[in-house]
Amino acid sequence: MDIKLVFQDAAGLATPLLAVLAVDIAIGKDAEPLIALLTTSSAITNAAAAVIASGEFKSGLGDQLLLHKPNGLKAERLLIVGLGKAKNLSVDEVRKGAGAAIRAAKPRGVRQMAIAFPEDHALSDEHLDNLPCTLLCRALVEGAVISERDWDTYKSDRKDSSLENLTVVSPTTEESTTKEIQLGFEEGRIVGEAQNFARVLVNEPSNVLTPTELGKRAKAMCTEMGLKCEVYSTAKLEDLKMGAFMAVAKGSAQPPALVVMTYEPKGEKGNTPQSGGPVIGLVGKGITFDTGGISLKPADGMEKMKYDMAGAAAMIGAMRAIAQLKPAVKVIGILCSAENMPSGTAYKPGDIVTAMSGKTIEIMNTDAEGRLVLADGLHYAKTLGCTHLINAATLTGACVVALGMINAGVFSNNEDAYERFERSLRVSGEKFWRLPCTDDYKDQIKSQIADIMNTGGSRWGGAISAAMFLKEFAEDTPWVHLDIAGCAWNEEVKPWHPKGPSGIAVRSILEWVRTYSA
Ligand code: BES
Ligand code: ZN
Ligand code: ZN
């Protein structure tokens, strides 16, 4: 999809479809909806006046109404998209509303469309005025770019319904505001495309996306974006004595991949490792298929376990955006990729393995494999000089039990690192909920005969046991752990997304990294 930004009156734009966002400005719980279009164009407001007056359109988030041949507009169609109540309006509604507009247009065979940048000078001040233009435009464009994807590439009778181009149109003439909008537009495109890059990987079946293939795709992305990338396999894992990672990998005919992607800030002053600045490590769980291994998973739903590499995909996506947005901080992305299989060479419950850090691990359950590959990934990141760590993983079913599919889990051993993450969420609009990993929980992973074991002793607090395990390898390094098991795959259709890979965490990880930029 080609996407461009123009500054003109949307009413004068000739396009097959013009989308405009709307809010309900009624005050009070039982008040009838009072609809306001987020545009300063009186021509657009007039064109929609009769249908708005009819009361048919309630302006709930993602609601749509389509007018053909709108009076006084050059557009062939006018699509009104609801963002819900004005008083609840945030950039997140704008992101979703833009997505709903794109997804409403696609099945109508529309290949070119425009969307009016939300403006509300016509309304009272409080609605959009406290949302910065840059963030607003960024969210609008992100929403559009990520909603455009459908996951039908493996359908042999697939009809290409992709949008050819989208025009974002703002009536602003003031120079400083146009600059802010322009900046948000560029960022939104970069971030949306990075998220889509991750989603494409998550969508791939495991017979296509093996660890080796994941390494190749990461390498290709890095080459395209000017990042350094090394892809290692079994020999390197042996060299580094990554006993935990190797244990998981050895049951599969597919060799593992250890990927190291490096971004070095160029020409920026300040925050370089040379001047004592931080080095950020992004570590992703890349299990391209999780059968559970010898502790085999039930057949029902096992096909989903192709998405057990969504943490690694998020890191690839984040690195892609970092390469383009160029924060003034060094970032190293590490992917720990393997296939977890039962076989004659597989690791077994009761085995004791030695991680790269030297810690010994008693294997209680071979299905708790994610924490094993990450243990070595986190330790390795520190040996490469990382001073701050974040990892993302579809780590535990227990996290899904705790938080459902709306919030993903976040854990941290460091208040500053966590607060930065929380701030990042305000920009990314993603939902994460903090769970504890204080040392009170340490007993849960105590082993009788090794240093630690790879599951919690009881079935309670399973997401926390997993976090406690990882914390053993982050040690004192400021660290944030994202458990995205419940949110990496959209199980429900929404007006702004289809079922399929969500690309969660790309946006938040990127923003977290940017908080360390000089
Ligand atoms: N990949 C799974 C976690 C998962 C569950 C991801 C549901 C997405 C949706 C992970 O490797 C796993 O199997 N974890 C076990 C750990 C247990 C054996 C301690 C789990 O959560 O059941
Ligand atoms: Zn597992
Ligand atoms: Zn897994």
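User: At what angle do the axes of helix α5 and helix α8 cross?

Analyst: Axes are lines fitted to C-alpha atoms, for helices over the stretch in contact, with angles from 0 to 180 degrees between N-to-C directions; helices are DSSP runs (H or I, at least four residues) and strands likewise (E, at least two), numbered from the N terminus. In this predicted model, the axes of α5 (residues 211–225) and α8 (residues 310–325) come within 10 Å and cross at roughly 10 degrees, so the two helices are roughly parallel (angles under 35 degrees). Residues are numbered from 1 along each chain as its sequence is written, and local features need pLDDT of at least 70, while side-chain atom pairs count only at pLDDT 80 or more. Side-chain values use heavy atoms, with hydrogens and water left out, and ligands are numbered from 1 in the order in which they are written.

User: Which residues make the contact of α5 with α8?

Analyst: With contact meaning heavy atoms within 4.5 Å, they include Leu214 and Met221 of α5 and Ile316 and Met319 of α8.

User: What is the distance from a polar side-chain atom of Lys297 to an oxygen atom of ligand 1?

Analyst: That distance is 2.7 Å.

Technical notes
Angles under 35 degrees count as roughly parallel, over 145 as roughly antiparallel, 65 to 115 as roughly perpendicular and the rest as oblique. A polar contact is a pair of N or O atoms within 3.5 Å; within protein, one must be able to donate a hydrogen and the other to accept it, and residues adjacent in sequence count only if both atoms are side-chain atoms.
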